[in-house]
Amino acid sequence: MTNHYIDFKNSDVILIMGSNPASNHPISFKWITRAMEKGAKLLCVDPRFTQSAAKSHVYAPLRSGTDIAFLGGMIKYIIDNNLIHADYVKAYTNASFLVNPAFRLPGDNKGVFSGFGDGKYDKATWSYQTDASGVIKKDPTLRDPHCVYQLLKKHYSRYTPEMVNRITGTPKDKLLEVYKIYASTGKPDKAGNVLYAMGWTQHTVGVQNIRTMCIIQLLLGNIGIAGGGVQALRGEGNVQGSTDAGLLFHIWPGYIGTPTASMKTLKEFNEKRTPTTKEPNSLNWWKNTPKYIASFLRSMYGMNATLEEAYDYMPKIEDGANHSWLMLFDQMYKGKFTGFFAWGMNPACSGAHSNKVRKAMAKLDWMVNVNLFDNETGSFWRGPGMDPAKIKTEVFMLPCAASIEKEGSITNSGRWMQWRYKAVNPPGAALPDADIMTELLYRIQDLYRKHGGPVKEAVTKLTWDYGFKGADGRIHHFDPHAAAKEMNGYFLVDKTIEDPVTKQKREFKKGDLVPSFAYLQDDGSTSSLCWVYSGCYTAAGNMAARRGQKDPTGLGLYSEWSWSWPVNRRIIYNGASVDPTGKPWNPKRAPIWWTGKWNGDVPDGVGDPGSGRPPFIMKPDGYGCLYGPGLSDGPFPEHYEPLECPVEKNLLSPQKHNPVVKRFDKPGIGSDIDAYASVGSCDPRFPFICSTYRVSEHWQTGVLTRWCPWLAEMQPGMFVEMSVELAKEKGIANGEQVVVKSARGEVEATAIVTPRFKPFNIDGNTVHEIGIPWHFGWITTENRPYNPGDKKAEVFTFGDAANLLTPTIGDANTMIPESKAFMANVVKKGVK
Amino acid sequence: MEVTRRGFLKISGFALASSGLGISLKPVSAYAQPLKIKYAKETTTICPYCSVGCSIIVSARNGKVVNTEGDPGSPISRGSLCTKGGSIYQMSVNKNRLDKPLYRAPNSAEWKEVSWDWALDKIAENVKKSRDKSFRARNGKGETVNRTEGIASVGSAALDNEECQVYQKFLRGLGLVYIEHQARI
C-alpha cells in the first residue's frame, strides 16, 4: 500500500475493484464506513455482487479479466472531459517526456507495441528522446505528438464506452456513472482511493491491471495525498513482511535484485543494480544501493568473510532465468529436485493446478513440512488418487508455534510493523519456527565442518547471532529482538561519519544500532539484513512495540503506534501532496506542510520548497510513470483476453492474448498434464468463466481455519455460486451437489443459485460466470481413510481445493497464476 | 454517566426485573459472574490472518489461553475483530494441533512419531546429500554461480518478520535459488 488502512477515512471516493474488503478484510471496512459517514462515495466493480458491492453507492458488474478495458475507458473519459489535475500531471509525471519517434502503439501495430518478435519485446523503440547530455527531452505544453501525454491520449482513444461495454459486459450507464464519480477526484481538494487484491493480480495482465489504475491516480493527482494512493489489500498477515524479506527467487531483502551469473564481482553487481540518471534535479534514491548490498552481505557473513568473498558465496541465477512458483513446481514435476521445504505453506491446495503440484511432490526424495495442523501438503502421499506404496518421498512434518506462542513482529499491508507477545507455550514438543531453523542450521554446519563439501564456507561461515550464546558458542533459543536489531542494522566497527541529517561529524561505536538507513555504509562497516527496516529498532528501543495514541494531524497517521517502513513514513510519495512551491494541494488534509521545516508525516522525496526536485525519488528520473517502459508487456496497459476466455477474439485488436506470457503447453516448457481450454477458439466442454475467491470465515487454503470448529461450522464446505439463469439452463437447484470441471480437474461442490451473479451480455452473446471459494481440502473431510492416531477435525468440512481447476499460466511480469479467469463447466453430480 | 461492566449487569438486571417479564431475574442483579479473565495474564498480539493488522488481547492463566478479545488500544481496529480474528482462542486451545514431529518413511502408509533430534539429524543429512549432489559452483560459461539446484523452498507469509529474514538467510546460505512463497500466488 502507498497509504494505510486508517487513511481510507480521508477519501472522497473509494473504488473497490479486484478486492472484496467487506468479506476479506472486514475491519478495514470500519474506515471505508467512516469516509462514507463524511460523504464519501463508494464504488464497487466486480463480476459478482459481493458484500462490498452491497454497501456501495454504485455497483458495476464486469466480466473477469476485462479490467484494463474498463479502466482504459476511464482514462479516455478523464482526458476527453479534461478532468485531469493538470498542475500535478505537468509537475510530477512523465507526461511531458518525448518518446522515440519509432515507437508504435498497438492500435497502429496489429495489437502489439513496436519491437515484438519471437514471443518477447525488444524495447529499443520504447526509449525517450534525449539531448546531447543525455537529459530526457520534454514538452511542457504536452502538445508534441511524441510526448507521453499525447501517446496516452491516442492509445486510449480506442477505449470508447461502446467498445468497453462490448468487452466487459458492463452496462454503459453504470460505466459512465463510475467514470464520472471517480473522475471527480481530479480536483486538488478531492481524494480518490482504490482498493485491490488478488482480483487484479491473478491474471495474465495482472501488473498492467494495477498500472492502469496507477495512471488514473497520477492523472487525477491522487498519489501521495491523504485518502489517495493505490492500496493492495494483501491476503496474509505478514505477506508484506515476507516479501520485504526477499523470500522470492528474484529479490534479496529490501527489493535488491538477486545477482545473476554475468555479474562476476561485487563491483559489477553494484554497477548493474544501481540506477543512474542524467536528470539534474532528481534525487534517485536507489543510487544508495551499494550501501544496502554491502550491509546485507555483512548480515549474512559478518566479519567471517570479506564483502567480495561474501558476494562470491551468494547463489547466482542464470541471466534471464525464472525460478518463480509455476516454474518451481514444473521443475519438481520433472524430477529436478530431491529435496523440498514447504515451511508454513500448503501448496497442495494453494498452488495453481494442484493436481500437478501433488504429483510433483511424489518425485521428491524428501520433504520437510512445518505447520500447526496436518495438511494436504505434508500428507499428500495419502491424498485422493495416491498410492502410498508407490510414493518414495520421505516426509517430515514438524510442529511449530502459533502466533500467540512466540514473540516477534508482522507487517500489515499499510507497512506497519507491529510487535506480538508470547501468551503461552506451544503444545507438546512444538517449537517456534526460528528455533527449528537454528537447530537445523547447526546440524548442517556441523556436517560440513566434519565432512567438507562444495564451497562449504558458504554454509559454515554464516553468522547466527540471534540470542544469548552458551559455553558451546551457540544459541539455544532464538531471540527475535536480536533479529529485529539485525534487520535495523548496526555498526561493526567504531566509525566517525558525517551525519546525513545534521551534516555534523558523529561518532558511532561498534555495536551501535544505526538510526536509519541513511547511516548504512558501502565499505562493510555496517550490517543490516533489510535496509527498508532500518529505523525499526534503534537506540530508542523497539519501535514496532510502540502503543502511542497521538494523532495531531487528525488524519489518522498515528505516528507513535508501531512503526512503518520506510523511516516511519505513513503515506509514501507524500512529497507529491504539495505543489512545487511547497503548498499543500489540499490544505484541509495535508499530510505534510512547510513552516521553515516540514511538519506532519515524515516527508518523502521533497527538498526545500522550490528546490525543483521531482518527488518520486524511487524512480531514477523522479517522475510518476504514466508511461512505463520497464515492463515486459508494454509501456501502456492494453486489453488482452485471459488465456482461457469465452470469446472468439479480442474486439480491440487481432492480438487475442498477452503476447509475452509463458505458455506451459508449448514444447520445451510445461508438462504432459498442462492442458488449457478455450485458448484459440471457444471449447464447448468448458463454456463458463470461473473465478476463485474467499469468505470471511476461512483463510487461504483453510489450513488453519478448517481445524477451528467455530469457523468450520460457519463455512463447512465447497460451494459454487451461479446465476438463477444458468441454474435453470443446467437444471440445477439451489443446494444440489454438483461437479465443477476444467481442463485440469474437477471438484465437488454445493450449488448456490443466486442473483449475485448475472449473465453478461458480451457483444450480443450471453456469457455466464461462476465462482468458487478456495479454502477447502480433503484432509478435514469425513470420508477419507483415517489411520489410528490421526488427527480428526472436530467439525468436518466438505470438498477439495479450487486450485485443482486453475491453469498453469502466469502474469507476463510476475508469473502470478491466472486464477481469477479460466474456463469451466458445472454439472449435476452423477451426470456426464 | 460512566457505567462499569459490573454496574451494567446490575442496571440491565434491574431493568429486566422491572419490565414485567414474569420471571425473576434477582440472581443476576445479586451475583455478577466473576470475569473469566480474573487473575489471567494479558498480552497483546496482532491477528495472523488477513493483512489489516487488528490487535487482540490474549488472556492466559496457568499457561492456558482462557480468552481472546479485540484490543481497544489499536488505532486500526479499536477493539473490533472479524470471525477469524475472533476465533484465535481456538488456534491455541485445539486438541488437533500437531505436537510431535512426525515421519513418513518412503512407501509407508502411515506417520510415525519421532524425536526432534532424530528428525533434525536426518533432515540435515538429507540437505547435505541433496546440496552436495546438485551444487553447481560454475556454469557452462565458467561463471561462478555457487548454487544448489536440487532443493526448493516455499514459505512463508505466516512467519514473523524476524523468522522470514533469517529463513532467507538459511536458504541462501545453503545456496538455494528456488525460493518462493505466498506473495507469488
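This is a short tour of a predicted model, with stops to select one after another in your viewer.

Residues are numbered from 1 along each chain as its sequence is written, while chains are lettered from A and ligands numbered from 1 in the order in which they are written. Because the model is predicted, local features need pLDDT of at least 70 and side-chain atom pairs count only at pLDDT 80 or more, though totals for chains, interfaces and linings use all residues; side-chain values use heavy atoms, with hydrogens and water left out.

The model comes with ipTM 0.97 and pTM 0.96.

**Chain A as a whole**

Switch to chain A, which has 22 helices and 31 strands. These are DSSP runs, numbered from the N terminus: helices are H or I with at least four residues, strands E with at least two. The radius of gyration of chain A, taken over C-alpha atoms, is 27 Å, close to the 28 Å of the globule rule for 832 residues, so chain A is as compact as a globular protein of that length. That rule is 2.2 Å times the number of residues to the power 0.38. Along the principal axes, the C-alpha atoms fill a box of roughly 80 × 70 × 55 Å. Of the 832 residues, 66% count as buried (under 20% relative accessible area; exposed is over 50%, partly exposed in between, with a 1.4 Å probe and protein chains only).

**The parallel sheet**

Next, show the open sheet of 5 strands in chain A, ordered S3-S2-S1-S6-S7 with parallel pairing. Two strands pair if DSSP finds at least two bridges between them. At the edges stand S3 (58-60) and S7 (230-232), each with a single partner strand, so one side of each has no neighbour in the sheet. Neighbouring strands are turned by 15 degrees against each other on average, direction ignored. Zoom in on S6 (residues 192-196) of chain A, joined to S7(A) by 3 parallel bridges; here Val194(A) has Val230(A) as its bridge partner.

**A hairpin**

Move to S16 (residues 495-498) and S17 (residues 505-508) of chain A, antiparallel strands joined by 4 bridges. Lys495(A) has Phe508(A) as its bridge partner in S17(A). Between the strands lie 6 residues, and Lys503(A) in this hairpin takes a positive phi near 65 degrees.

Select Gly624(A), in the loop between S23 (598-600) and S24 (688-693) of chain A. Is Gly624(A) buried or exposed? At 4% relative accessibility, it counts as buried. Beyond four places in sequence, the residues it touches include Tyr92(A), Leu218(A) and Phe616(A).

Lastly, find Lys828(A) in strand S31 (residues 822-828) of chain A. Lys828(A) is partly exposed, at 28% relative accessible area. Leaving aside neighbours within four places in sequence, its contacts include Gly731(A), Glu736(A) and Val738(A).

Note on methods: Axes are lines fitted to C-alpha atoms, for helices over the stretch in contact, and angles run from 0 to 180 degrees between N-to-C directions. Contact means heavy atoms within 4.5 Å.
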